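This briefing sets out the cavities, pockets, disulfide and backbone features of one structure. Please read it alongside the sequence and the model shown here.

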Amino acid sequence: MIYYNMKTRSVVSLAIKLLIGVLICKGIHCTNWNYIAKESLQKALKLKPNMGIAKNVIVFVGDGMGLSTINAARIYKGQKQGNPGEETILEFEKFPHVALSKVYGSDRQVPESAQTATALFGGEKTNFNLVGLKDSVATSDCFAQKTQGEAAEVTSIIRHAIKQGKSTGVVTTTRITHATPAATYAHAAHRDWESDADINSTLYGDCKDIALQLINENHDIQVVLGGGRRAFLPVTEPDPETNANGVNKRLDGRNLVETWETIQRGKNKNYKYVWKKQDFDAIDENSIDYLLGLFNPVHMEYEIERDNSSDGEPSLTEMTTKAIKILQRNKEGYVLVVEGGRIDHAHHDNKAKKALEEAVQFNEAIKEAVSLTNEKETLIIVTADHSHPFSLTGYTIRGNDILGLVDEEGIKAEPTTDGLPYTSLLYGNGPGYTSPRQDLTGVNTDDKDFKQQSAVPQEFDTHSGEDVGIHAQGPMSHLFHGVQEQHYVAHVVQYAACLGYYSNKCNKRSRG
């Protein structure tokens, strides 16, 4: 005879109840909500802050990835896997610590990406269109930038890390000289000053362009991957990929790629410049010291359109993986910034499917980073620079196609006054506006280039000013709590890794 104690009986009883529930209950209405909540509670009760030093830091920025985009992306990902979608958990949503970030700028209620990136990486809010400069400089004021000099410059977490002997990298799907990545290394009174051709010296003076700053003054960043090749090559030379003339932009005759190669050669280090996937894939992470990859004259392709052949482009996940494997060889650690930049671009065009595909790929890059790192020594932060006027609406039923029309139940709950159907995903402004409103009956709203409808006609949608999320795991990640100013992120990074302002105030013994 087998005797059961009370604990064993309760376990068996629970198992039987769950089994019976599975056998007699099917569909989305059979979720054991109490069990889910209790499981989450038990995990929360086990949470303990990691007070250690962050040897490594990875900051993921989903450009334009507001909370509404995260919501829609998790549903989209789940539905692609054949599930209702709402229950899906993105990789960074598993992180234990979450905060909200207030994204306004020094001079704007609703910001743009250069000023938000300066806040995220430099620790100070600033003015519209400024890159790596304090708000004592006005937009486009080259004279003030040069007159104030270093006193006006904001030092990024990348530069702080290099000073402390760490390896660094910047990875993006946009031009590497675009607003967000530029703020990790450059100082410019206007984000558009990406090449010398973009600066009208008569109007603005002779400030250094962003591409030139990357090569001449930031060649010690070991991994640089993205698009934007045209800002580095002279207008007189054809593009290496297309062999077309008139693609490149530099008017000063400089080939900055050759300049970068000359500088790296002088360091007696292993280096490589690549512009296509075949050469990128061939890079040995265990031997390369410096890697420059410029995979497109402009922005890299949307993931849904990406050529993944040998002549095409690597994915964001592949670039992130390569960067981590190169940088992790430094015993002092590393700081890596990864931007999923084209989420933002798709939103500007009111193309929700492209935005959500980019967000899902961004999530995959985070998942890979988590698998390659040790949570005890690596602080991973996932945030956005701003959001978009993008929303999920319509009282739709569970499992309704996230890219589809509001279902009959939703329409019945709140009918449209014009009697026309509408998609559950909508924009507040942008190119999706039509007057009169388009009848979407029979329209393929799942097409990658379908534009969701918007309320206000504009060539591109604007950003929006609501708070965005900060998700974090690793050393000192518990410092992300409540509602914080956006520039707080850079201060947590510095404190956690003993960098910059906190390099001499970090008592390792008390936090070990």
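A cavity is a set of grid points where a 1.4 Å probe fits but cannot get out, and lining residues have an atom within 4 Å of such a point. The model is predicted. Three cavities of 30 Å³ or more are counted in it, and one disulfide is found. The largest pocket holds about 420 Å³ of space.

**Enclosed cavities**

- The second largest cavity contains about 50 Å³ of space.
- Its lining is made up of Gly-132, Val-154, Thr-155, Ser-156, Arg-159, Ala-183, Thr-184, Tyr-185, Ala-186 and His-187.
- Sorted by class, the lining of the second largest cavity comprises four nonpolar residues, five polar residues and one charged residue.
- The largest cavity has a volume of about 90 Å³, and 14 residues line it.
- Closest to the centre of the largest cavity are Thr-173, Glu-303, Leu-316, Glu-358 and Gln-361.
- Helix 14, spanning residues 352-372, supplies the largest share of the lining of the largest cavity, with three residues.
- Four nonpolar, five polar and five charged residues make up the lining of the largest cavity.

- Five residues of helix 2 (residues 33-45) form the largest share of the lining of the largest pocket.
- The lining of the largest pocket consists of seven charged, six nonpolar and two polar residues.
- Helix 13 (residues 342-348) provides three residues, the largest share of the lining of the second largest pocket.
- In the second largest pocket, the lining divides into eight polar, five charged and three nonpolar residues.

**The disulfide**

- Cys-142 and Cys-207 are joined by a disulfide with an S to S distance of 2.0 Å.
- The torsion about the S-S bond of Cys-142 and Cys-207 is about 110°, and the disulfide is therefore right-handed.
- Because Cys-142 belongs to helix 5 and Cys-207 to the loop between helix 8 (201-204) and helix 9 (210-217), the pair ties together parts that are 65 residues apart in sequence.
- Both Cys-142 and Cys-207 are buried.

- Thr-126 is located in the loop between helix 4 (113-122) and helix 5 (142-148).
- Is Thr-126 buried or exposed? Thr-126 counts as buried because its relative accessibility is 0%, against a cut-off of under 20% for burial.
- At 3.4 Å, the side chain of Thr-126 reaches the backbone nitrogen of Asp-135.
- Apart from neighbours within four places in sequence, Thr-126 is in contact with Gly-105, Ser-106, Asp-107, Gln-115, Thr-118, Leu-133, Lys-134 and Asp-135.

**Backbone geometry in loops**

- The peptide bond leading from Ser-435 to Pro-436 is cis, and its omega is near 0°.
- Pro-436 sits in the loop between strand 10 (425-430) and strand 11 (454-457).
- Asn-243, a residue other than glycine, has a positive phi, near 60°.
- The loop that holds Asn-243 runs between strand 4 (223-227) and helix 10 (256-266).
- With a relative accessible area of 59%, Asn-243 is exposed, since exposure is set at over 50%.
- Tyr-395 is not a glycine, yet its phi is positive at about 55°.
- Tyr-395 occupies the loop between strand 9 (390-392) and helix 15 (408-413).
- The relative accessible area of Tyr-395 is 61%, so Tyr-395 is exposed.

How values were computed:
Residues are numbered from 1 along each chain as its sequence is written. This is a predicted model: local features need pLDDT of at least 70, side-chain atom pairs count only at pLDDT 80 or more; totals for chains, interfaces and linings use all residues. Side-chain values use heavy atoms; hydrogens and water are left out. On a 1 Å grid over the protein atoms alone, a cavity is a set of points where a 1.4 Å probe fits but cannot get out, and a pocket is an open set with protein on both sides within 12 Å along at least five of seven lines; lining residues have an atom within 4 Å of a point. Grid points are joined across faces, edges and corners, and a volume is the space filled by probe spheres set on the points. Helices (H or I, at least four residues) and strands (E, at least two) are DSSP runs, numbered from the N terminus. Ala, Val, Leu, Ile, Met, Phe, Trp, Tyr, Cys and Pro count as nonpolar, Asp, Glu, Lys and Arg as charged, and the others, Gly among them, as polar. Buried means under 20% relative accessible area, exposed over 50%, partly exposed in between (1.4 Å probe, protein chains only). A polar contact is a pair of N or O atoms within 3.5 Å; within protein, one must be able to donate a hydrogen and the other to accept it, and residues adjacent in sequence count only if both atoms are side-chain atoms. Contact means heavy atoms within 4.5 Å. A disulfide is a pair of cysteine sulfur atoms within 2.5 Å.
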